[in-house]
Amino acid sequence: MIREFGLSEALAILSGVQSTILLSLIAFAGGGVVGLAIALMRTSERAWLRRCAGFYIDFFQGTPLLMQLFLVFYGLPVLGYKVNPWVAVTIGFTLHASAFLGEVWRGSIQAVPRGQSEAAYALGLSYVSRMRNVVLPQAMRISVAPTVGFMVQLIKGTSLAAIIGFVELSRAAQIIASATYKPLLAYGCAAIVYFLLCFPLSRLSMRLEKRFAVKS
Amino acid sequence: MSDQQLRADNSTHPPIVDISGVQKWFGTFQVLKDIALTVARGERIVICGPSGSGKSTLIRCINSLERYQEGRLVVDGYDLGAGQKNIDAVRAEVGMVFQQFNLFPHLTVKENCMLAPMKVRGTSKRDAQELAMRFLTRVRIGDQAEKYPAQLSGGQQQRVAIARALCMTPKLMLFDEPTSALDPEMVKEVLDTMVSLADEGMTMLCVTHEMGFARKVADRVIFMDRGEIIEIGKPEPFFANPQNPRTQAFLGQLLH
């Protein structure tokens with residue numbers, strides 16, 4: 001029987017947004033924390049740290065997110081670790097997002113003029129304080145646009161979590177589309193919701209850039 | 001106690017900087033050749049020389065912004081060849097002023113001055129604020145404390161940079177061509193600040209082309225060329241009667 005596309009169908013699609021938002025937040029948090037560590041390793045004075053981070057970035061940038069999720073969810077059990085889907089997406093998205101954010105932030109850290117670090121050294125500031133109080137605040141300003149750009153990509157990328165069983169926005173739309181035979185309507189609804197999630201982020205990015213420009 | 005007496009007293013102390021046999025290469029190019037120099041506490045030294053002569057590299061070695069490959073460099077009793085711990089200790093005691101100011105653009109003028117006392121010395125926020133205002137007022141820029149560096153002129157920025165270094169109450173100040181990036185009309189305000197610092201007995205090592213400044217405040221003038229110290233002398237004989245032909249040639253070019 002073919003279902004009609006009515007309010008309850010629209011709501012069913014909308015209910016997928018919860019998972020999409022949750023998955024996005026997990027990816028931002030995991031990617032942000034680990035990404036910062038990767039960026040700091042990549043700009044370290046120690047060659048072996050730089051090399052480790054470089055390898056990490058190359059590997060996770062060079063393989064598709066879909067494959068990474070797949071390997072974590074189906075691969076870890078083979079090694080004897082049973083993982084629930086939430087753990088799997090957390091690991092998968094963290095690896096993926098941290099590699100990209102790590103590289104974006106590495107570039108931003110290196111874009112801060114060398115004289116800033118030299119002034120910090122000359123004042124006797126420690127590594128932590130040089131990074132936290134001098135270099136990172138300036139790198140952050142430089143990285144606003146590419147970081148938000150990647151976050152928007154990531155929100156849309158959460159649809160890949162469907163392959164390990166998550167019913168998020170895209171998957172919900174797919175289910176409704178095949179039940180109602182109204183793919184255009186179903187995917188159209190999902191697209192609007194994605195847009196509503198991503199658009200404010202892009203606006204926020206512009207606002208932040210403008211504010212930083214005025215301040216310095 | 002007069003200035004002269006102060007320095008005489010200090011002469012019984014070990015030198016603030018003691019350099020012997022320092023050599024440095026960038027790849028196969030030797031930038032510092034067998035440098036030997038002793039700086040007494042309270043002494044004001046001006047280093048001049050053509051570009052590429054190694055004068056900036058030399059003072060950047062003194063607070064370890066550059067490493068050297070051979071020789072011995074002791075600052076305030078700390079041997080810089082003996083590990084990171086000494087380097088951190090030396091940097092906290094040695095102030096540096098750069099050609100490009102290098103103020104932190106995301107912090108206000110006052111915050112620029114407060115950062116190192118708070119983070120390195122553990123000074124409380126209120127004390128750091130007081131310290132910052134004291135030195136900003138001293139370089140006559142107290143009324144700009146809440147502005148960001150980009151809102152100030154070059155000369156003002158450089159004076160903030162001097163105040164920022166002074167907030168760490170350094171035992172030695174290094175100046176790396178502090179007026180070279182300034183518009184001509186702003187050179188004087190920065191030099192005046194440096195002169196008043198010298199008058200108060202600060203130990204200073206200045207790389208500069210401002211020969212008027214050298215005549216006025218230097219105890220000794222050093223001429224460097226191609227990585228070597230060619231000539232060291234008191235300002236009057238140094239300018240009136242330079243001994244080495246390379247010094248003569250260099251000073252001749254400056255005067256014309």
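These legends walk you through close-up views of the pockets and the cavity in a predicted model.

Chains are lettered from A in the order written, residues are numbered from 1 along each chain, and hydrogens and water are left out of side-chain values. Local features need pLDDT of at least 70 and side-chain atom pairs pLDDT 80 or more, while totals for chains, interfaces and linings use all residues.

**View 1. The largest pocket has a volume of about 860 Å³.** A pocket is an open set of points on a 1 Å grid over the protein atoms alone, with protein on both sides within 12 Å along at least five of seven lines; lining residues have an atom within 4 Å of a point. A volume is the space filled by probe spheres set on the points, which are joined across faces, edges and corners. Of 30 lining residues, A:Thr43, A:Glu45, A:Tyr121, A:Tyr127 and A:Arg130 are the closest to the centre.

**View 2. The second largest pocket holds about 230 Å³ of space.** Its lining includes A:Asn133, B:Leu107 and B:Glu146. Helix 4 of chain B gives the most, with six residues; helices are DSSP runs of H or I, at least four residues, and strands are runs of E, at least two, numbered from the N terminus.

View 3. A cavity is a set of grid points where a 1.4 Å probe fits but cannot get out. Closest to its centre, among 13 lining residues, are A:Ala122, A:Leu123, B:Gly95, B:Met96 and B:Ala165. Helix 5 of chain A and, from chain B, helix 3, strand 6 and helix 6 each supply at least two lining residues.
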